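Visitor: I am new to reading protein models, and I would like a close look at a single part of this one. Could you take me slowly through a place where charged side chains come together?

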Amino acid sequence: MTNRFDTPKAPLRAEPRVFAATQNVQSVPATSGGLIRSTLLAAGAAGAILVLFWLPAEYGIDPTGVGALTGLTEMGEIKQQLAAEAEADARAATPAAVTPQPEVAAPEILARLDRIDAQLATIAAVIGTPPGLSDSVSAAPAAADPAPEDVAAVAPEPVEVAVAEAAASEWRDEVSYTLPPGEGVEVKLVMEQGQVARYAWTANGGVVNFDQHGDGSGEEISYEQGRAVPEKTGELVAAFTGNHGWFWRNRTDEPVTVTLRTGGEYQELRAP
C-alpha cells in the first residue's frame, strides 16, 4: 500500500523562469536638431555670462553697461590697477629693468625750458624796451653810477610778475591728497583722442609708486609706471577718447601728500 505522503527520492531542481528582461528595450533616439539646439543654447548662455559678468569683473571691460550697474566694472578696474602695480613692483625689483631717472626727465626738462623761453620772448615783445633806456646807457660814462630814473627803467619787477602770471596760467586744476601707508588714490582727465594735457605732480618730500594709464571706448593702455618716485612733470597725449590719468600708492611707513597740477586740453578732472 502506497502512502500518499511518500515523496520520491529524486533531488529537487529549480526550473529556470523566463523574465520580461529578455524582451527588447525601446530606447529614446536623440535627433540631430535637438543636439544642435542644446549646443546653441549652451553657447549663448556662456557668451552672455562672458560679456555681462566675466569681462567686467576681471578686466573692467563693460560693452553692455551691466557691469557698471552691478559694480563689477569697478571691481575689474581695481584688479587691473593692482595687477599693473604688482608688475611695476616686479620690474623695479629687477636691476636690468630700472631706468635711470635723469635720462627720463631730461627731455621733459628741456621741453619745459623751451616753453619758458618762448613765454619770455612773448612777454618781452608785449612790454617792449623802455623809452630812452638805450640812449642813457650809451651816453653815460663807464665808471659813472646810473641815474635814479635809469635804475627804475631797468627794474626787473614787471617782467618777474609777468613770468609768474604766465606760469600760473599753465594750470587749470590743482588737487592734493594725503595717503596713509599702504593707501592709494586715482585721478583722471576726460580727454578726446589726440588731446594734450600738461601735468606736474609731487610727493612733497616723499616717494610713491605710480601708474599712468587710460581706459574708455572699450580700450585701455598703460603709458608709464614707476616705483619710489618723488615727482614727475610732462605731457599726456590721449591715445583714444576716454579717461586718462594716474594712480598713486604709498608704500612707505609714513603718510605722503601727493599734489597734482594739470593744464592743457581736457574736458574735466575727475577726482575722489
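**A network of charged side chains**

Guide: In this predicted model, the residues E85, R249 and R251 are linked in a network of salt bridges. As a general point, side chains of opposite charge can pair when their charged atoms come close.

Q81 is buried, with a relative accessible area of 11%, and its side chain makes a polar contact of 2.7 Å with the side chain of E186. Leaving aside residues up to four places away in sequence, Q81 touches E186, H213 and F247.

Another of them joins the side chains of E174 and R261, with 3.3 Å from N to O. Since E174 belongs to strand β1 (residues 173–179) and R261 to strand β8 (residues 256–264), this pair ties together parts that are 87 residues apart in sequence. Here E174 is exposed, with a relative accessible area of 51%, whereas R261 is partly exposed, at 37%. The side chains of R270 and E268 also meet in a salt bridge, at 3.7 Å from N to O; R270 counts as partly exposed at 45% relative accessibility, and E268 counts as partly exposed at 39%.

The chain as a whole has seven helices and nine strands, and buried residues make up 25% of its 272 residues. Of its contacts with a separation of 6 or more, 73% are between residues 24 or more positions apart.

A word of care belongs at the end. The mean pLDDT of the protein chain is 76, and 64% of its residues reach 70 or more, but over residues 96–100 the pLDDT is below 50, and over residues 129–143 it stays under 50 as well. Where pLDDT is low, the predicted coordinates should not be read in detail.

Technical notes. Residues numbered from 1 in each chain as written. Predicted model: local features only at pLDDT ≥ 70, side-chain atom pairs only at ≥ 80, totals over all residues. Heavy atoms only, no water. pLDDT = per-residue confidence, 0-100. Contact = heavy atoms within 4.5 Å. Helix = DSSP H or I, 4+ residues; strand = E, 2+ residues; numbered from the N terminus. Buried < 20%, exposed > 50% of the residue type's maximum accessible area, 1.4 Å probe, protein only. Polar contact = N/O pair within 3.5 Å; in protein donor to acceptor, adjacent residues only side chain to side chain. Salt bridge = Lys/Arg side-chain N within 4 Å of Asp/Glu carboxyl O.
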